[in-house]
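Have the structure open as you read, and we will take one pair at a time.

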Amino acid sequence: MTKKQTYLLALLSAFILWLAWPPHIWLAPLLLIGLVPLFIALNDITNKNDKKTGKRVFLTAGLTFLVWNTASIYWVYNAISASNTGFVGAIVSLLVSLIPYGLGALLMTFAFWLYYQLKTKANTKIAYLGLISFYISMEYLHQSWDLAFPWMTLGNGFAGMHQLAQWYEYTGVYGGSLWILLSNILAFEAYKAWKNNDPKLKPTLSWLLVIILPVGFSLYTYYSYKEKSVPVNVVVVQPNIDPYEKYGSISPEQQLNILTHLSDSVGQVNTEYFIWPETALPRYADEEKIRSNPDFLQAQQFLSKYKNGTLITGIESVKWYNAKETISAKQAKDGTAWYDNYNAAMQVENSAEVAFYHKSKLVPGVEKMPFPKVFSFLAPVFEGLGGSASGWGWQEKPAVFYSQSGIGVAPVVCYESLWGSWIGESVKNGAQFIAIITNDGWWGNTSGKDQHLLYAKLRAIETRRWVVRSANTGISGFINQRGDLVKQSNWWTRDALKADINLNDSITTYVNSGDVLAQIFSVLAVLLALIIPYKKWIKK
């Protein structure tokens, strides 16, 4: 096989993975064979075993993952370029976009390169175990460090075809990653057996069982799952205010009028929750003085019409200190005080009680400078790209908002909806449904908004909680405990939706254990990686 042919196989894998990725819902099962062409290419390269084998393995796998990642999250460029206009801005935006395009791809490629290295030192079964461990550990790293962007975790691929992912309530998305990797490995082994005229059916039967058993269990769970009837009437609002005009042509008073009018248009006497989107209240609010804030007072006046009503809204808030109390704190221009600014969720009731949650999973480079202690010298660069040296403030643990009636809600701000274990902590601590507030308008009418919506289905399955989603510019909606999107708004429309959702107090296996599967594979990855230098040392 020529270099050109191996690269074409790598591109074929990238194409299949892209076809299977959300929002291409009905093609999701292609993920179970999408890596087979890449395996064929890598097998041919390693069989030749020349001096440049390692380099060719890295470049071939890298081609697959770079093309797949870029094609699936192309919309990242839209978000960055919107605030960087002109030719120079376009170049800067492209260069910055290469970070999310390339970083995840690099980690995936490194997993395959380690697999090749282990394959030369151990038997096939150990090498395959190494590949699964290396790949999942890289995904877990990309969820855990300061450059986190877990958008392309393999298990997310079944977000659209959630009927096949019902068992995520036991494993989370990393169970999906394991399934996809194992299926591709066995499919490749079956391909080799048939190609070599091997009469043994074991590889093929093993592969079919790995597909059929999870699918059968998932479909049985999906169709037999019954929700307990514990109804609560909830309203979600989509004001559809252009995020680029939010701080300009539309006044804060006008924005609040839009929100309250939409809420009243569908609100009922028994409505218990109104959910407004991320940064719905546009003016910075001092948390210590919130009860005298005019936007807060107007919101509470609106709520007074609903006796049992509770409002959860996005807000940009500020906390002041006498000294630098947090790593994210910034000094005021006059040098007399320090402050943190937050992308926050606020709960308002018909009482004096107010609760805040500060967005914790911040977008690297835009909302938070990665590794702020180490890279503080890069502060001017991040400020030039629209971020800040210290970034937004955040809190260390997830939260639960409790209403006067005792209902617990998990507040989730935008990008945080990718972290199943984070939301699971809120559920373990008493959240009975999940409220996602977001503003997907930054990305424009691209597949980014659709992927973000579909990923929320997995949070519903993992926790068996309803997800209510309020998006400033779409898409808003309701997702039930099976992951069904039961009601949704259209993109770029002003709307308000209401639904009776069911609360749930039961705790799933995944909520109890979190990402223990990924953690186990991460430990295995370290142990198996040590075989590579150990075997080299023994050989010497």
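Helices here are DSSP runs (H or I, at least four residues), numbered from the N terminus. An axis is a line fitted to the C-alpha atoms over the stretch in contact, and angles run from 0 to 180 degrees between N-to-C directions. Please keep in mind that this is a predicted model, in which local features need pLDDT of at least 70 and side-chain atom pairs count only at pLDDT 80 or more, while totals for chains, interfaces and linings use all residues. Residues are numbered from 1 along each chain as its sequence is written, and side-chain values use heavy atoms, with hydrogens and water left out.

Let's begin with helix H1 (residues 3–20) and helix H2 (residues 36–48), whose axes come within 7 Å and cross at roughly 160°. H1 and H2 are therefore roughly antiparallel, a label for angles over 145 degrees. On the H1 side, the contact (heavy atoms within 4.5 Å) is made by Thr6, Leu9, Ala10, Leu12, Ser13 and Ile16, and H2 answers with Val36, Pro37, Leu38, Ile40, Ala41, Asp44 and Ile45. Sorted by class, that gives ten nonpolar, two polar and one charged residues. Here Ala, Val, Leu, Ile, Met, Phe, Trp, Tyr, Cys and Pro count as nonpolar, Asp, Glu, Lys and Arg as charged, and the others, Gly among them, as polar.

Over residues 5–21 the model is 94% helix and 0% strand, with the end C-alpha atoms 24 Å apart. For residues 171–191 the figures are 95% helix and 0% strand, with the ends 29 Å apart.

Now look at helix H8 (residues 173–195). The axes of H8 and helix H16 (residues 516–529) come within 8 Å and cross at roughly 55°. Tyr174, Gly175 and Leu178 of H8 touch Leu517, Ala518 and Phe521 of H16, a set of five nonpolar, one polar and no charged residues.

H8 also pairs with helix H6 (residues 124–144): their axes come within 11 Å and cross at roughly 150°. That makes H6 roughly antiparallel to H8. This contact has twelve nonpolar, three polar and two charged residues; among them are Tyr128 and Glu139 in H6, and Tyr174 and Glu189 in H8.

Methods
Helix = DSSP H or I, 4+ residues; strand = E, 2+ residues; numbered from the N terminus. Parallel < 35°, antiparallel > 145°, perpendicular 65-115°, else oblique.
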